[in-house]
Amino acid sequence: MKLVVTEIPEEGLNLTISGDGRWLRTFFSPREKEETVRVRDSFSVEVRISRVDEVIRVAGCAKIPVELRCVRCNEWFISEVDVEVKSEFHPLSEWVARGKEEIELKASEMEMEFYSSRVIDIDEVVAESIFLSLPSYPVCTDDCKGLCARCGANLNKGKCQCSADQPVDDWKKALEDLRSKLKIK
Ligand SMILES: [Zn+2]
Ligand SMILES: [Zn+2]
């Protein structure tokens, strides 16, 4: 939803932004995250829009259901992402007149952005917040054992056939092979 800055009432607005994975991809192509995150179910984010003169604040939070792929064991698991929207929009003219640093001091904990066309795309603000909340290194459980480095078995499902001392032997053998290749005596 796009809002014209001057049409935002002084008392503010409450909006519900709804979307799903397909909706998210219309804003971004999170290529580096597609392998580890799937947003399938629809979700909605309640946001509060407030305005003081030309400064617009967008704030809200939501829990979004996602499927994440564990970076250790490679299995998909169901989770929830906590999304917090907190953006403050200043007119670009203010930035030009006063400098970014001075405005940043006032903006405190809000994500600061600038608008130039008097229109703010709230959908984009929400989508961006969701994107930023997605974990880069999801792990299914804190004690996930991951995959065996030799045979690739999921060690959460039990021990694999590789015995504990084999990797060391392999390592020694690899070092010997390398030595002979490099002709180190
Ligand atoms: Zn795992
Ligand atoms: Zn193994």
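The points below describe the fold, its strand pairings, its core and the confidence of this predicted model.

1. Confidence. Because this is a predicted model, a reader new to it may wish to begin with the scores: the mean pLDDT of the chain is 84, and 85% of the residues reach at least 70. Confidence is highest in strand E2, with a mean of 94, and lowest in helix H2, which covers residues 31-34 and has a mean of 63.

2. Overall make-up. The chain contains six helices and eight strands, and, read from the N terminus, these elements follow the order β-β-α-α-β-β-β-β-α-α-β-β-α-α. Of the 185 residues in the chain, 18% are buried. Among contacts with a separation of 6 or more, 64% are between residues 24 or more positions apart.

3. Strands E2 and E4. Strand E2 (residues 13-19) runs antiparallel to strand E4 (residues 43-52), and the two are joined by seven bridges. One of the pairs that can be located in the structure is Gly19, whose bridge partner in E4 is Phe43.

4. The hairpin of E4 and E5. Strand E4 also pairs with strand E5 (residues 55-69), again through seven bridges and in the antiparallel sense. Here Val52 stands opposite Val55 of E5, and two residues lie between the strands of this hairpin, where Asp53 takes a positive phi near 55°.

5. The hairpin of E5 and E6. Strand E5 is joined to strand E6 by 14 bridges, and these two strands run antiparallel; Leu68 has Phe77 of E6 as its bridge partner. Six residues lie between the strands of this hairpin, in which Asn74 takes a positive phi near 75°.

6. A parallel pairing. Strand E6 pairs with strand E7 (residues 111-115) over five bridges, and in this case the sense is parallel. The bridge partner of His90 is Phe114, which lies in E7.

7. The largest nonpolar core. This core has 25 residues, and those touching the most other members are Val45, Val47, Val58, Ile64, Val85, Ile122 and Val126. Two or more residues are contributed by each of E4, E5, E6 (76-91) and helix H5 (122-133), and E5 gives the most, with six residues. As general background, nonpolar side chains tend to be buried together in soluble globular proteins.

8. The surroundings of Ile64. Which residues are in contact with Ile64, once its neighbours within four places in sequence are left aside? They are Val39, Phe43, Glu80, Val81, Val83 and Ile130.

9. Arg22. This residue is found in helix H1, which covers residues 21-25. Is Arg22 buried or exposed? Arg22 counts as exposed, because it has 10 C-beta neighbours inside 10 Å, where the cut-off for an exposed residue is 12 or fewer. Arg22 and Asp41 are separated by 19 residues in sequence, and their C-alpha atoms are 9.9 Å apart in space.

Notes
Residues numbered from 1 in each chain as written. Chains lettered and ligands numbered in written order. Predicted model: local features only at pLDDT ≥ 70, side-chain atom pairs only at ≥ 80, totals over all residues. Pairing = 2+ DSSP bridges. Helix = DSSP H or I, 4+ residues; strand = E, 2+ residues; numbered from the N terminus. Buried ≥ 20, exposed ≤ 12 C-beta atoms within 10 Å, placed from the backbone. Contact = placed C-beta atoms within 7 Å. pLDDT = per-residue confidence, 0-100. Core = buried A, V, L, I, M, F, W, Y, C linked by C-beta atoms within 7 Å.
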